[in-house]
Amino acid sequence: MLAPREIVQRFLDTKLQVHPDVVSYIREQDDPALIDRILESVPGDALVVSVNHIPGLKKERDGTRFFADPELEIIVGSPGTAGSVAGYEDAIHYFRDRYNKLSAMIRSRTTSMPIEALTTSPHRYRDQECTVIGMAVEVRTTAKGHRLVEIEDPTGTILVLFNKSRDDTFADAERILPDEVLGVKGKLSSDGGLFFAEQLFRPDIPIKHAPYTSDRPGKAVLISDVHVGSDTFLEAAWNRFADWLQDTDASYLLVAGDLVDGIGIYPGQEHELTIKNIYEQYDAFAGMLRDLPSRLKIVLAPGNHDVVRMAEPQPALPPEFTGNFPANCQMVENPCVVSLQGVRVMMYHGRSIDDMIGLIPGASYERPGEIMEEMLKRRLLASTYGMRTPIAAAKMDRLVIDPLPEILHTGHVHICGITKYRGVLGVNTGTWQAQTAFQKQMNINPTPARAVVIDLQTLQPEVLDFS
Amino acid sequence: MEFSPALGVYFNRLDSGLQSAMAVARAARSRGLDPAVEPEIPIASDLADRVEALLGYTGVAARLRELEQQMSREEAALKIGDDFVKRTFGETTTEEILDHAIRASMALLTEGVVAAPTEGIGKVALGKNDDGTEYLKIYYAGPIRSAGGTAQALSVLVGDYVRQALGINRYIPRPEEVERYIEEIRQYNNIMSLQYLPSEKELRMIITNCPVCIDGEPTEQQEVSGYRNLERVETNTVRGGMALVVAEGLALKAPKVLKNVRKMKMEGWDWLEELIGGATTSSSDDDKGAAVKPKDKYLRDLIGGRPVFSYPMRKGGFRLRFGRSRNTGFAAAGLHPATLHILGDFLAVGTQMKIERPGKAAGIVPVDSIQGPTVRLKSGEVLRIDDAAKARSLASQVEDIIDIGEILISYGEFLENNHPLMPPCYCEEWWLQEGGVRHPENEMEAIEFALDGAYLHPDYTYLWDDITPANIATLADRVAESGVIEDGALKLPNTPDAKAILEELLVFHRIEGDRIVIGEYLVLLTCLGLTLQLRKRETWTDAPTDDSLGLVMHLSGFRLRSRAGTRIGGRMGRPGKSKAREMKPPPHSLFPIGDAGGSRRSFQEAISYKHRSNTDGGQIEIEVGDRRCTACGTRTYKNLCDCGGHTVPVFRCPRCERETKELLCPACGAAAVCLQKVTVNVKAEYAAALARLGMRESAVSLLKGVKGLISRDRPVEPIEKGILRATNELYVFKDGTSRYDMIDLPLTHFRPDEVGVSIEKLASLGYTHDIYGAELTERSQVLELRHQDILVSEDCAAWLIRVAKFIDELLEKFYGLEPFYRITDRNDLPGHLVMGLAPHTSAGVLARVIGFSKAGVGYGHPFFHAAKRRNCFAGDTEIEVFDGRAWATVPIRQFVVENFDISNPGLDHQGTFYSDPARTFFTRSIDPQGTVRMKKITSVSVHRAPAHLIRFETKRGRLLTVTSDHTMLVWDTDYLRRISAQEVNIGDRIPVIEGTMPICDEITGREIVRALEDRVYCLTVADTHTLVANGIFTGQCDGDEDCVMLLLDGLINFSRSYLPETRGGTMDAPLVLTTRLDPAEVDKESHNVDVGDHYPLEFYLAALNYTHPKDLDKLIDRVERRLGTPAQIEGFLFTHPTSDISAGPLVSTYTILGTMLEKLEAELTLAKKIRAVDADDVAERVLNTHFIRDLMGNLNAFSKQKLRCTKCNSKYRRMPLAGKCTKCKGNVIATVHEGSVKKYLAVSREICETYAISEYTKQRVRVIDMSIESTFGTPAEQQLGLADFM
């Protein structure tokens, strides 16, 4: 198989730079002749070979939109769809669902075999290159520094070794999270007990993905983590934001969770609340919403501070608390996908970011955009079960990123970050709460009072600072 | 040891009893039926006998001492480098010179006690600069922390000093290396929190300028993310030692380093001047002197179902009375038995109560010479109940508990807990010492005595200082206006205000129609300043209005003292348990039957087990020890060869089958095992065993074995023992013995009528005279308990008799010996010897059963309890603690003293002075597999030191001084065995900490030394009960219920080789038996037990002024003052008699009630009745500290829950995709169920509706309720309420 270095070198030899996506595509295809074909089709004036230059591969605009579509539509996650957990047996369906959805995305790019086939007749497959698709069970580093990953599919489990000297796949292997779904190409060890990985596939966004953009003007404002009721809620900044909204031409306001500070979220919280009554917290928020222009369509998702259950998917805020909210508010679940003039926004509060920062080397709270890229690569909002993100394992895995949105909107970490990955815009909105005692202790410096405005025709984000 | 001839006789009795038991045990063991042919519990000899000295000094030490004469320690630490450079001590290579010099000076700087010099420096090496020169690298490891910042920093300086002398170049860092340091130190700070995190600029300055490369061993789990895979930095993992030396050493201690640089005129350190100026110190916050404020610490972490009896210092709470009864002191406090009944029977004899002061907890015992509770009945009558029978009969009519009575606490408790004395309630023994003549017959006499100048007798003193002067005036007005004296009683209209005041005063009265009737009214009238004609006296005209007691004294002309005294809060603690110890599942025999025995491990099932359908039943394959007969050489698994010879274990290498005596195979290095797989016809073996015992198969309905053997030698216990245990309803503990656990209570005296033993029997045991020297003739006479005699509960007695019967049958049918005990009924038991054992310790104490207690507790002499535990460290032992932000290494003395929560100390049954640490700390701990974990320190304790301590020295130069029965950990093949320090010998391999890894070290020195301090110290570490002391992993102090076993059971059936290799397996084994208790050598906390028959007047007066108990040391007769004389052990007295040590409830309501709902209901009903308790607050506290935590925790756990296979018990972090166990295809089930999440939901809702709960808490319950509903869906229509469960 071609090493990335060789591929890059081949292009450099012809004085061309090459986009990493192209390199990974060539590796996936495992067809050295493809390089020549690409080289043939690259126009003379190009400096960088991009995906567009791959013959036969055209960016495809995602999905079909109908003119009859309403301006604002909840595609996934309307209130009442989160459902409850009937029993732990649901967990079988839950992880199977995740495996089925994600493995299908990988399977379209490679041919794979069931793990059981490998483990039951190892001699047959010895020294033969094959691909398996499995969900990571456990990830560890061996004494010699290699990465050992146990993966499973519905038929069996196998240990996969990522050699640290294979720097092309090892960097990816270091970022394998438990419970993500992977495709691994490699060879079986002679005794059949170990699978030596050569290449790693993730579900990822299709390389030819091109986002849908709205055909009429429209702007959406994205925020999260308002934390009304906390003694660190920035009321003045919010008022500036509200004033600005009066004059803006934006038609949508999306809030990705933590509308209020809640009660009993952490020990001793009562000492840091200005509004100790949960109903009054929502009423105060309702008052803030009523002061906003009524033409604005507001979408409100819950977060871990809100009054709904912690386990994801979190249901929409119950009417008991939203009674005083103005009529232009739409409650949604967490996570959810809403369509704004055909542009799909996936809203997710982002509890899993805590877990991912701990598990991914180099990840940091200061760069939430990177985490969103990792989510998109895995097509999973929360990969690992059993850590800080509580998951209500129902029959369907709502944390799989499918369908692919145009915008991924998260919050939770209180730090603003924007990324664009293979056409999908990732926005982690900041907060309306100043640095809390806890964040100070953890050396987290929030970026409060920021709103992200997105032009739905161009998907261009703009960050406005109200602090 | 000084003792009287009478005691000599006693000791001889014990000795001869032990000897005859030993003789039987030896005879039985010599049959060869057990793993060893001798009894395996050694009898401990006196520590002092074995005093020997063996400590030498190396040349380095001598030279260091020389240098220290001439210069400061820091300078000497540098100067010693010159000697190393000169190779004075035989170093050969440059690395060795550097290594030794740095370690030697580190040792000097840290006074040779901490692990830093050996463990803190991983290695010293030379690296190559980019210009080709060499530079010095010091690899710091985690334990460098123990050195403290200054020593850490100076070690770098030492390295530089020697480097310069050797002509090695300085370290020239590459730019990416500097960045790596910055990233890594910051990351380390995120993980462990440094005391001081230098700014980026400071770090850059240190790294670029420091002439020595500060390297380190990887200590953390995390890896750096940015500057990875650098050529000269060997690891990507965070290096804690390095971070510490840079940040807490060089950066924080720069001024100190600079001082030494200047003194030694060293070059290349000028940059330090630039660096200085960043360090700041934090101020400490301590609030002292508030000893008499209400303290509600005992109310925190309130658990549902354990009622609160009294809020802190609240009116109506326990009134403090000073004194000691024969069953109190030594962490036991007395309550009147009537109080125990009135308080809902929650406090049974021996139940622990958490108290406000002086300590944290006290065992509750009945003392009927103090006052009981004052209650208002439903009829409106107010009376005091001073009689347990009356309390029981009135319990259902009690409407309100106005006053819960007195609590008897001895002076010794205050002394032990270092708590200032508090004003006690006025009592007769005090009154008698300041003018009181005799107990007044009636009110008239009391008034006469008072008029004669004495204080008013306490019985006639009402609780005037509980009410305001205005209340007094109101009451006087009411009586004057509308009271009448009729039929020898004062009658006044039943108005709410008058009734309330009378109740607060504890004036007894009853209701007749609509009138309050007060029988004894003379003192009341006088005190209210009323004449017999119910007119206000003239004294009212100039009455003071500021002080109630003053007002009453003015009105009456009497002298009065406060009857209220100090109120003490209390709530129920952990209910005690008293029962035979059972493993789970409980086996009768330590015979392995594998899976063939089914889930019950039963022989009956194994006998019919067929591994294939067409085979005979009962053929099972088991893993047993590999043994060889010493006579004929046959290989077997049994202890006794068929030829009649005894067998010994044989160890083989599991890989090359080679036989070896070493722990590791000499050829391939694998750990040797004593193991073979044999196929046993268990049916035949079982039948043969029955035949040998002469029993039919029908005699045993169920015989339970064990699944497999987990000890090192894997010896098999003969089936016969199991059969005999099964027929006697006994279960075996993992070491081959049978035990009974019980709570220990102190007792110094007893009466024949309460121990259920005849006078003749007692006389035959040596109890011939009572404490006053009169011959024993009456069953009510008070006898002084011998200090190794104990009373066991009746259930325990029945159990002991079963054990005795088992032993007799064993001797007769199995060993072919004469029966020993021949106990036919309970009266035969007194006089027999047992072994007392505290949990997690390894030293048993010889004791004699002399009687029974009706309550489910064991009564023993304070010395007996104290003897069982004193395993601690010398004060200068260094321990490492982590407070959540930073690690610190401190001498244990300092740690314990600093973190001893003076405000809330406790004294436990074993006489240890302990408290929770003031803050939460963690320390490193090790489990029996050798895995190091962080564990919480749950308490700190101070113990009086015994006369001698043992000092160990290891090959790696570590020193540790501990008490002789301190639990030490010793490597045994691949697990850690717990043994007592006196058993640790030279050559034993012990775990020490290296970096964060436990490694093996060897004991090279063992010396018995005199204890220099009079105290030793210890910590309690959660779960594993181990900690690192001076770099050595050892056990720690433990405290819980004690257990007893029959002496012969221990001597015959105990075998060390049964002790499991697995986790926790080696705890609680009677590895040594102490036969004779010397008060000087038991835990000296028992020396604070006061043994006089009264407290002098000065004591009471001093208590009024909150005097510190130490200042009254001379006034009170205590054990300590009698030490060294025969009186140290005899002639004790007590201040308050009690008629029955088993009065009051014998089983706590808490134990009787089954469900939490019932318990809670009972708790809250009681709370509503007690005046000193706020029921709403109790309900809210229970919600907050118990129910909401449980609900949230379980709900959270539900959505992150692990799963487990029902068949092979494999654990899964999440559901496998296959939907079943990937190992055995078994069913995988949840570990957290809907039911366990919802457990407290209904009751929490109910509480919110019924009680005045704050809105915040109510909403929390509501929110959780909604979360649960949305997780599990709306439940079926029918909602069960609290009432549905009753």
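**View 1. The contact between chain B and chain A.** In this predicted model, 33 residues of chain B are in contact (heavy atoms within 4.5 Å) with 45 residues of chain A. About 3,200 Å² is buried between the two chains, with carbon and sulfur atoms giving 56%; buried area is the accessible area (1.4 Å probe) that two parts lose on being put together, summed over both. On the chain B side, R1214(B), L1217(B) and Y1256(B) lose the most area to chain A, together 25% of what that side buries.

**View 2. Salt bridges between chain B and chain A.** Four salt bridges are counted here, each a side-chain nitrogen of Lys or Arg within 4 Å of a carboxyl oxygen of Asp or Glu. One to look at joins the side chains of E320(A) and R1262(B), at 2.6 Å from N to O.

**View 3. The largest cavity.** Of the nine cavities of 30 Å³ or more in the structure, the largest holds about 120 Å³ of space. A cavity is a set of points on a 1 Å grid over the protein atoms alone where a 1.4 Å probe fits but cannot get out, and lining residues have an atom within 4 Å of a point; the volume is the space filled by probe spheres set on the points, which are joined across faces, edges and corners. The lining has 16 residues, with A91(A), Y385(A), A393(A), F1198(B) and Q1201(B) nearest the centre.

**Notes.** Residues are numbered from 1 along each chain as its sequence is written, and chains are lettered from A in the order in which they are written. Local features need pLDDT of at least 70, side-chain atom pairs count only at pLDDT 80 or more, totals for chains, interfaces and linings use all residues, and side-chain values use heavy atoms, leaving out hydrogens and water.

Technical notes. 1 Å grid on protein atoms, 1.4 Å probe; cavity = no way out; pocket = protein on both sides within 12 Å on 5 of 7 lines; lining within 4 Å.
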